[in-house]
Amino acid sequence: MEDSAGRPRTRANANRGRILDAAMTCFAADPDASMDDVARAAGVVRRTVYAHFPNREALVDGLSDEASAALADALDHPEPDDPAVALAVGALRTWPVGDRFRMLLSFARKEVGDHRIAELIAPVRTRTVDVVERGRDSGLFPAYLPTAVLVGMMEGLTMSVLEQANFGLVRDDGESMALGVLVLAGVPVDRSPDVLDDARRWVVSAHGRDDRRGDPRGTEINAVKGANAQR
């Protein structure tokens, strides 16, 4: 009984995921795509789409909720003490989410408004403000602009890089965005690539730690910090 009850839920979740993926593809190609277009792209009947999303507004909200949950998951990890490395780590971790949902930048802004977009990125903004202020308190980042203004510029840079990715002009895994954020924060241009390398190593190490809870891999992390200290 338990298995038979679980199967419909599993099928429903799978259908919902297929519909959202199809909606992203359809709306990216044609912002005026219909619910019928989404159903055909998802390989389901129209009734199935409406069972999950009763109207177009609900479907767009579903995309927004999916992006918000993905961002929260990307940020739900340990981060380095070094604020510069932490900034770059944040860019590398959130880039896959932004890359997947970048069609929302233009599409959802028109559909649901700037306020909803602001809600989506609020967790990222809160974290970035904290990292920037830690960097300034430690003397690592110069306080040449108010924190709110600087973080707003970082968000603008992020949006710009994602739009360039829409045009096929950016094809990396978040490195361009990370370098731009570091330079805006006040990290010297010639040091930023080294910080980015440290961030890559941190992400790999933290991922291994998440996968193997009993193996914190502290030796590798300490080695990265030691390399920073020697620079």
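Helices here are DSSP runs of H or I at least four residues in length, numbered from the N terminus. In this predicted model, Ser68 belongs to one of these runs, helix 4, which spans residues 56-75.

The chain has 11 helices and 0 strands, so that the order of elements from the N terminus reads α-α-α-α-α-α-α-α-α-α-α. Of the 231 residues in the chain, 40% are buried. Among contacts between residues at least 6 apart in sequence, 66% link residues at least 24 apart.

The mean pLDDT of the chain is 83, and 82% of the residues reach 70 or more. Among the elements, helix 9 has the highest mean pLDDT, at 96, while helix 11 (residues 218-230) has the lowest, at 36. Across residues 210-231 the pLDDT stays under 50, and for this stretch the model has 24 contacts beyond four places in sequence.

Beyond its neighbours within four places in sequence, Ser64 touches Leu104, Arg116 and Leu120. Ser68, by contrast, has a relative accessibility of 26% and so counts as partly exposed. The C-alpha atom of Ser68 is 9.6 Å from that of Ile117, although 49 residues separate the two along the chain.

Helix 7 (residues 114-137) packs with helix 5 (residues 83-100) at an angle of about 160 degrees, and their axes are 9 Å apart. Because angles over 145 degrees count as roughly antiparallel, helix 5 and helix 7 are described in that way. The crossing of helix 5 with helix 7 is left-handed. On the helix 5 side, the contact comprises Pro83, Ala86, Leu87, Gly90 and Thr94, and these meet Val124, Arg127, Thr128, Val131, Arg134 and Gly135 of helix 7. By class, the residues of this contact are 5 nonpolar, 4 polar and 2 charged.

The packing of helix 7 with helix 8 (residues 147-166) has an angle of about 125 degrees, with axes 10 Å apart. Helix 7 and helix 8 are therefore oblique to each other, and their crossing is right-handed.

Of its 11 residues, 8 are buried, so helix 9 is largely enclosed by the rest of the structure. The buried residues are Glu175, Met177, Ala178, Gly180, Val181, Leu182, Leu184 and Ala185. After helix 9 comes Gly186, with a positive phi near 115 degrees.

Notes: Residues are numbered from 1 along each chain as its sequence is written. This is a predicted model: local features need pLDDT of at least 70, side-chain atom pairs count only at pLDDT 80 or more; totals for chains, interfaces and linings use all residues. Side-chain values use heavy atoms; hydrogens and water are left out. Axes are lines fitted to C-alpha atoms, for helices over the stretch in contact, and angles run from 0 to 180 degrees between N-to-C directions. Helices (H or I, at least four residues) and strands (E, at least two) are DSSP runs, numbered from the N terminus. Angles under 35 degrees count as roughly parallel, over 145 as roughly antiparallel, 65 to 115 as roughly perpendicular and the rest as oblique. A crossing is left-handed if the near helix is turned anticlockwise from the far one by less than a right angle, and right-handed if clockwise. Contact means heavy atoms within 4.5 Å. Ala, Val, Leu, Ile, Met, Phe, Trp, Tyr, Cys and Pro count as nonpolar, Asp, Glu, Lys and Arg as charged, and the others, Gly among them, as polar. Buried means under 20% relative accessible area, exposed over 50%, partly exposed in between (1.4 Å probe, protein chains only). pLDDT is the predictor's confidence in each residue, from 0 to 100.
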